[in-house]
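Take a look at the sequence and the structure below. We will walk through them step by step, from whole chains down to single residues.

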Amino acid sequence: MTFPRNLLYSRLSSLNKYSRNVNTSAVRLQNVQQVTAKKRICIVGAGPAGFYAAQYLLKQLSDCTVDIVEKLPVPFGLVRFGVAPDHPEVKNVINTFTKTAENPRLRFFGNVSLGQDVSLQELRQRYHAVLLTYGADQDRELQLQNEEQKHVISARKFVAWYNGLPGAEQLQPDLSGRDVTIVGQGNVAMDVARMLLSPIDTLKATDTTEYALEALARSQVKRVHLVGRRGPLQAAFTIKELREMLKLPNVTTNWRADDFAGIAEQVEQLQRPRRRLTELMLKSLSEQSKRTATAVDGKQFLPIFLRAPKAISAKEIEFAVTQLQENAAVATDTTECLPADLILRSIGYKSSCADPAINFDPQRGHVRHDQGRVLKEGEGSSVEPGLYVAGWLGTGPTGVILTTMNGAFAVAKTICDDITANAFDTASTKPGFEVANQRIVTWDGWLRIDQHECEAGKAKGKLREKIVDVEQMLRIAGV
Amino acid sequence: MLVINRIRNAAILSLRNAYIRNCLSNEIRAATNSTRTFSLGLALRQQDVVNVTFVRANGEKIKSSGKVGDSLLDVVVNNNVDLDGFGACEGTLTCSTCHLIFKEADYEKLPEKPGDEELDMLDLAYELTDTSRLGCQITLTKDMDGLEVQVPATINDARAA
């Protein structure tokens, strides 16, 4: 034991010698840095796209500083407010983001809203480059009559409700009926279905907000219909989500055999991911007869294909039966009504235009860009120098975190390439963000909120009890 | 009888747990001791070291090593191997960022075949091949010394997806 300690000592002393050398050169380095202007980059939106881009930029550009501006007092975007509470492992990326945030060249400005507290023009004047990553906070509509009625709500809002997005606690979904019909079959639709069908005890240990747990505990929902316009081969959910659903205790999945006519014959020609997903559906379908006999009073999960929403009424929703023509769903004259005490619309997110200066495509719900470079307003392909977009704000709402990560890395690389090519000014000195009459949550402020939430959760045997009220967040953050 | 059995089982379980906890804390103590020596490069016996080479999409080779029992994700994390975004979910089988591509012969030799959950995640990976695995699911054995695995390109144009 003494031997290694001696060694440790000698290593430390040599380290000291070494660091003394480093120190002298560090002073010199600092002087140099004061002469060359730092490249100041501002990222708007503290979700996965923003954090992954920041990670890349800080690593590749040793002379840059990155400021992340976030509308909410708390970071992580859809990792906090989108990822299902019963998928806590997916939220492990927060550890990587936290490491990025602890970089001394990164600053976090929470509770700063683009378009309200600061304009895009102002940010562009204060930074060499601005990267927009504020995501998609709106959803696509069915464009049907009665869609505004109280029993029709968006899955996005439902997710925000159980995940504690400030403002979403007002939603109060009515779960007193037996049938819920979800229009759309993506992973958001699957998450919502799983939250409605999961035994309440498995949710109690998660960070589901307390008010949502109470409402879900009282829920009378017994059947969840998951309806898609196209067929099983076009199903938008991924296999992990389906497998999870098939394993839910006390929930029976019932497929419609007619939906799978001719599907088994096509399995062999499919690419592996699609093939495995289809095989799992077919396997579940083939085991169906055994299941229905055993579980009578349990809950039911009912995926239904080839139905396009047509009309909404008080207790049901009417669908047109569709046919596939070159992968597109074409409505026929035949219709079918499904019971629906509650209708959840889950046909995709879209972004909003936070600042009038953004070249925004309202039809598609995203920012117009070329490889992440935001295009100038009007015709043509010229770009706004030093203005970029990444994540769902640029790509539209598709893909898993891996997709967003790769996309954000790619745009961050584009920024680095443009700096090398002098595509925008990085020579002048830029002041960066300045605090004026604004209650700003710094990273330390967030850590205080985080600690508070974790402690409150611990007291209830939960991972975390999220604070939903912005004013309370600000108070705990100390601003 | 059933009740008695249950109580007995519960008692055995709690005893066992206490024993395991004891052993564990001893082990942790031992582990911290040994890591202290590891960092000085003393106690790491030569035969426990497994050398691994990660080959980037551009052909660049990164040589690294772990010890028997480590996962390939451990090797990347413990050695700070420079692979952006690798292991986002920290080995919990909920992402596919630790996707690695094996040579066919190496793939066949892997002691454990991928389970459904691993294949489900791999199905979401870019550049999926028949010899793809998730690094977090591969535990190093002595036979793997000298293993070379390919890392798919991390910077992928996702906009086309």
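What share of the contacts in chain B with a separation of 6 or more comes from residues 24 or more positions apart? The figure is 62%. Keep in mind that this is a predicted model.

Stay with chain B for a moment. Chain B has four helices and five strands. Follow the sequence and the pattern reads α-β-β-α-β-α-α-β-β. Of its 161 residues, 38% count as buried. Chain B exposes about 9400 Å². Carbon and sulfur atoms supply 53% of that surface.

One residue of chain B deserves a stop. Find B:N80 in the loop between α2 (72–78) and β3 (99–102) of chain B. This residue is not a glycine, yet its phi is positive, at about 50°. Is B:N80 buried or exposed? Its relative accessibility is 69%, so B:N80 counts as exposed. The cut-off for that word is over 50%.

Now turn to chain A. Chain A holds 16 helices and 20 strands. Along its principal axes, the C-alpha trace spans about 80 × 70 × 50 Å. Chain A has 479 residues, and 52% of them count as buried. Its accessible surface comes to about 22500 Å². Carbon and sulfur atoms account for 49% of that area.

How is chain A tied together along its sequence? Take the contacts between residues at least 6 apart in sequence. Of these, 75% join residues at least 24 apart. Chain A carries 60 positive and 53 negative charges.

Start with A:K39. This lysine lies in strand β1 (residues 39–44) of chain A. Is A:K39 buried or exposed? At 14% relative accessibility, A:K39 counts as buried, because the limit for buried is under 20%. Set aside neighbours within four places in sequence, and A:K39 is in contact with A:D63, A:C64, A:T65, A:H128, A:I419 and A:T426.

Next comes A:A408. Look for this alanine in helix α14 (residues 401–420) of chain A. A:A408 is buried, and its relative accessible area is 0%. Now find A:Y52. A:A408 and A:Y52 are 356 residues apart along the chain, but 6.0 Å separates their C-alpha atoms. Which residues does A:A408 touch, not counting those up to four places away in sequence? They are A:A49, A:Y52, A:A53 and A:A390.

A gap of 190 residues along the chain lies between A:I153 and A:I343, while their C-alpha atoms are separated by 6.3 Å. Leave aside neighbours within four places in sequence. A:I153 is then in contact with A:F158, A:L171, A:P173, A:L342, A:I343, A:L344 and A:R345.

Step back to the loop between β5 (138–139) and β6 of chain A. A:N146 lies there. Its phi is near 70°, a positive value in a residue other than glycine. A:N146 has 26% relative accessibility, so it counts as partly exposed.

Helix α7 (residues 187–197) of chain A is mostly covered. Nine of its eleven residues are buried. Among them are A:D191 and A:R194, along with A:A189, A:M190 and A:V192.

End with a pair of helices. Two packed helices are described by the angle between their axes and the distance between the axes. Apply that to helix α15 (residues 443–459) and helix α16 (residues 470–477) of chain A. Their axes come within 8 Å and cross at roughly 110°. The two helices are therefore roughly perpendicular to each other. Which residues meet here? From α15(A) come A:G445, A:R448, A:I449 and A:H452. They meet A:Q472, A:M473, A:I476 and A:A477 in α16(A).

Definitions and conventions: Residues numbered from 1 in each chain as written. Chains lettered and ligands numbered in written order. Predicted model: local features only at pLDDT ≥ 70, side-chain atom pairs only at ≥ 80, totals over all residues. Heavy atoms only, no water. Buried < 20%, exposed > 50% of the residue type's maximum accessible area, 1.4 Å probe, protein only. Contact = heavy atoms within 4.5 Å. Areas by Shrake-Rupley, 256 points an atom, 1.4 Å probe, with all protein chains shown as cover. Lys, Arg positive; Asp, Glu negative; His and termini not counted. Charge placed at Lys NZ, Arg CZ, Asp CG, Glu CD. Axes fitted to C-alpha atoms, helices over the stretch in contact; angles between N-to-C directions. Parallel < 35°, antiparallel > 145°, perpendicular 65-115°, else oblique.
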